[in-house]
Amino acid sequence: MQVRSNDLGYGFCRGKHPEGAVVSYTDIPGLPQTVNVVAVEDLQLPRVSSGTRVWVKGQPYGWHAAEVAGWAGLDEYRVRVAGMYPEIKLRGDKFVIRWDKPLTDPVSAVAQGFCDTPEYYEARRAFLDQLLNQRRVSRGFTAVLSAPVELYQHQLDTVARVLSDPVLRFVLADEVGLGKTVEAGLVLRQLLLDDGTATALVAVPVALRHQWDEELRGRLLLDDALNGQRLRLVTHDDLADELGLHEHALVVVDEAHRLLPHLDRRPGLRRDLLSTRGLLLLSATPMSGNLSTLLELLHLVDPVAFPRTDLDSFRERVQQREGEATNLQVLSSRRASLRQRENVLQELLFVHSGDPVLVDLVARCQAAGDIASPAWSTLVTYVRETYRISRRMIRNRRNSAMTEEYPVAGRHAAFVPLADPARAVVDDFLEQYRDQLTGQCASTAYARTVMCGLGGPRSLLRYLKQRLAATAGTSHAVPAQDRALFEATVARLQLADTSTRLQRALDVVQDRLERDLKVVVVGTSHDTAQEFFDAARARWGTSVGEHLNRTEQQKREDDVLTFLEAADGRVLVGDHSLEEGRNLQEAHVLVNLDLPLDPNRLEQRIGRLDRFARRTQPAEVVIFTEPDSEWVTAHIRFLSEGVGIFHNSVATLQRKLADLLHDLVARLQGEGSRAFAVDLAALRISLDEERNDIDLLEELESVTMASDFDDASVSDLRAAEEKAEPLRAAFSRFASASGGLGLRHQEDPVEHLLRFRTDPGQRIHGLPDDASRQVMPLLKRPRAYARNVATQHTGVAPLRLGDPLVEWLERYLRADERGRSRAIVRPYAGGREPALWLSCDFLVEFDAAQLNAETEGTRRRLRRRGDALLPPTVVRTWTDPTGPAPSALQEGMLDRPFDKASDQVLRGLLWKDVLEALPDWQELCRLSAEAALRHVEAMPVLTSEPATASTRGRAEVAARLAVLQARSQRLPYEGERVSATQELQREETLGQALVHGIEHPSVSIIACGAVVLWPTS
């Protein structure tokens, strides 16, 4: 059906008759006997689908809303005219096709008589209000709204910061267990929602592929994108074979530090990643980790500012920033005296003597003489932002204010003693072997031997046998002078009972299983874990799963899934392959068959359970102690009392713990078990100081000028999400046959899940057949009004913007002009003459007309900043040509719902009486609308609110520009200055459009209704 639009935005059917020809209607009261054909082209008309909405000319004025009921044959259609019965037969050139685009001028529609029954408006109004409120409280981040995830501030803020930046390249470096997967998934989801043509790719270690697939499908509801190839999930190994990485809107790499070796082997892959439009690198590598790794990651997201060949300069920069972190803490502390602050000021002047802005701010602080002066905080903010190591690294920490509500499981230690009769053989061997190595440089080999010995007699026995069996001349082979000791120890261990540790571990697991707990058992070596797995399978059968390095990947995935989803007690046995990346927070207990020497590796292991979890009890970490063994006792005391790893996360201490391990390995050969017996109190103090320094540095690097999702924003969002009843009532009214769409639905009274009927061939009342076919596939997924209901189930979507069904309905309602224009005649005992009152719904919102962007997706991301500063608002007015209606009249008469028993829809012959009483009908409508606009223009929504928002917007833009200006001039390295200059130029252009769109908001009338108050006497 070809259509053209008139000034109102309606479309008209083009027929085969010459323009001006006269055709006849069936004789129906209220319809004209003749009407001029609208168009002239001689075309073969395709059939209009059932349910298509049309207008039929009324007599003496206006138009009748009607609907095509079906094909009647002989070039005629069956047409249902609103308010009339039965159906009539009309040729296709006898009616006007209603337009499928937003109605641009509802006032003119009412003036010319294109009016519906108010039932359409009343059915839609509350639901449209709910959608607008969802947009307001979510700041346009519909991916967050429509994903069944809990709402945590640090995750929302990360998503907002990434998506508000025109350059989508970041390192997400949250501490282990804080939900980097959710953050990246929400960014992915929003990008795909913003741009229907965008594609994305996620690359993960092979061991995490299944876990990511489950997260993307079940938690982020991206199954359609995965099935439709808009989103691809590949492994690190497969990434190098991917073509066209630059074509994706976003590439996400999880455990990005593990991808770096691939880049060294495949330089082309590095070039491809540098050329991508968007890149998110996920890694828990903190500022305290390996600086060369951190530099490599930052180089991938910002190669200009971070050349990978200049590690020394980068290390110097980090060290300088560490000093600034401590200094800024002094300036921010109320306890610091003016003398202490003066020392800091002098140090800042020495380091940044070439920065005139900093020099001026320091002078203001010195002149203030009062530690309560705002000059101090201004200086702190300036240094914090201007000399940030990278604005493209976002890191949230467990002990920050923003993550204090995030439910991390925590950990508590359970020390289980055992008396191993073969332990003495192990300890004797470690001492004798150390003596034989005197004078040799074999610290690494000895440390490996110690680790096996600490793991128990069976662990050492396997190790010694492997060494003895190694080919002579290889690095693993036993030198001739040591063979006698190795062989003698093997013989002694074979004669002894070496099963004590294994049996004790089985007993511990049995005890936890009897309490229906889920138990993860980990051995440092594959052989140790395999031996326990075989014994556990023999005792408990198939309730024991495996995650072993030599097991097929699919078998690992199946066993992990079975373990996590089981309702009763289960066992999962793993080796080192389980220690990184896995989400096992549903488990209750971690049993350590042995302990690695490397505290960082042990932290990774415990971190599988100590992460986000809804349970209230911390994970139990089981450690086997041997009080009679000096070696085992010293090692456990070192980890527990020195490092403190069994009580709190030490993830932020990676660099310090790596240094500690290096020192330990170097001293073990010379000092034996005494190498563990350092001053534990001093070690603890040293680590606490390091943690404080790192916390200061990471706080300095993670905090921005203002949180994109501040406390108030998160509070508003949560408050709105807790109110399911208004949405339930609004959607139920909209999804009804009376003026709404007949979406047959039912809410389960127990699970509170919303399901729709999707019978084959079903037609949705109120929709054309083609639209029904579009929406039917979207009804299959269950929904929920309440967020907490959606998060408790897999694959259930909250009924929110961003959900495909809600997005379809929102687009349809935007284009569907039903309910946009309405007119009724209402009896009124208090009037002497008929009077027209006009209702206008004004949408006031940030005007994004001047936002220039390469893609619509980028444009939508940029306009969110405007919506955040000036949230969209609907203002409803009642006016006549003289101005607003009195409040008593509005509340008592005009705002009343449509009453079929007394009110009449203004159509057909009723127009005759109304036009006789109000002959200047069109002029009255125009003047009333002008009065409404004047009324709105005097309201705060168009006076004080844009002004206030503009002040905030200008301050935000000025602060961003000041930081970028300073960075572009003061950063120590040319690459960093170039990068900051580019950001500055982008921000200047965007800032101008942002402020203009706030100061001059868009004002549009989205619905209009007329009530003619008709005297009853």
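**View A. Pairing of strand 11 with its two neighbours.** Over 4 bridges, strand 13 (residues 250-253) pairs with strand 11 in the parallel sense. Strands here are DSSP runs (E, at least two residues) and helices likewise (H or I, at least four residues), numbered from the N terminus; two strands pair if DSSP finds at least two bridges between them. The model is predicted, so local features need pLDDT of at least 70 and side-chain atom pairs count only at pLDDT 80 or more, whereas totals for chains, interfaces and linings use all residues. Residues are numbered from 1 along each chain as its sequence is written, and side-chain values use heavy atoms, with hydrogens and water left out. Strand 12 (residues 231-235) also runs parallel to strand 11, joined by 5 bridges. Ala203 has Val253 as its bridge partner in strand 13 and Val234 in strand 12.

View B. Strand 11 (residues 200-204) is largely enclosed by the rest of the structure, because 5 of its 5 residues are buried (under 20% relative accessible area; exposed is over 50% and partly exposed in between, with a 1.4 Å probe and protein chains only). In a regular strand the side chains alternate between the two faces of the sheet. Ala200, Val202 and Val204 point one way from strand 11, while Leu201 and Ala203 point the other way.

**View C. Crossing of helix 4 and helix 5.** The axes of helix 4 (residues 153-163) and helix 5 (residues 180-194) come within 9 Å and cross at roughly 45°. Helix 4 is therefore oblique to helix 5. Axes are lines fitted to C-alpha atoms, for helices over the stretch in contact, with angles from 0 to 180 degrees between N-to-C directions; under 35 degrees counts as roughly parallel, over 145 as roughly antiparallel, 65 to 115 as roughly perpendicular and the rest as oblique. Residues of helix 4 that meet helix 5 include Thr158 and Val162, and those of helix 5 include Leu186 and Gln190.

**View D. Burial of helix 11.** Of the 11 residues of helix 11 (residues 291-301), 10 are buried, so the helix is largely enclosed by the rest of the structure. Among the buried residues are Glu296 and His299.

**View E. Surroundings of Asp903.** Asp903 lies in the loop between helix 33 (887-894) and strand 30 (904-905) and is buried, with a relative accessible area of 4%. The side chains of Asp903 and Arg826 are joined by a polar contact of 2.8 Å (a pair of N or O atoms within 3.5 Å; within protein, one must be able to donate a hydrogen and the other to accept it, and residues adjacent in sequence count only if both atoms are side-chain atoms).

Key:
Contact = heavy atoms within 4.5 Å.
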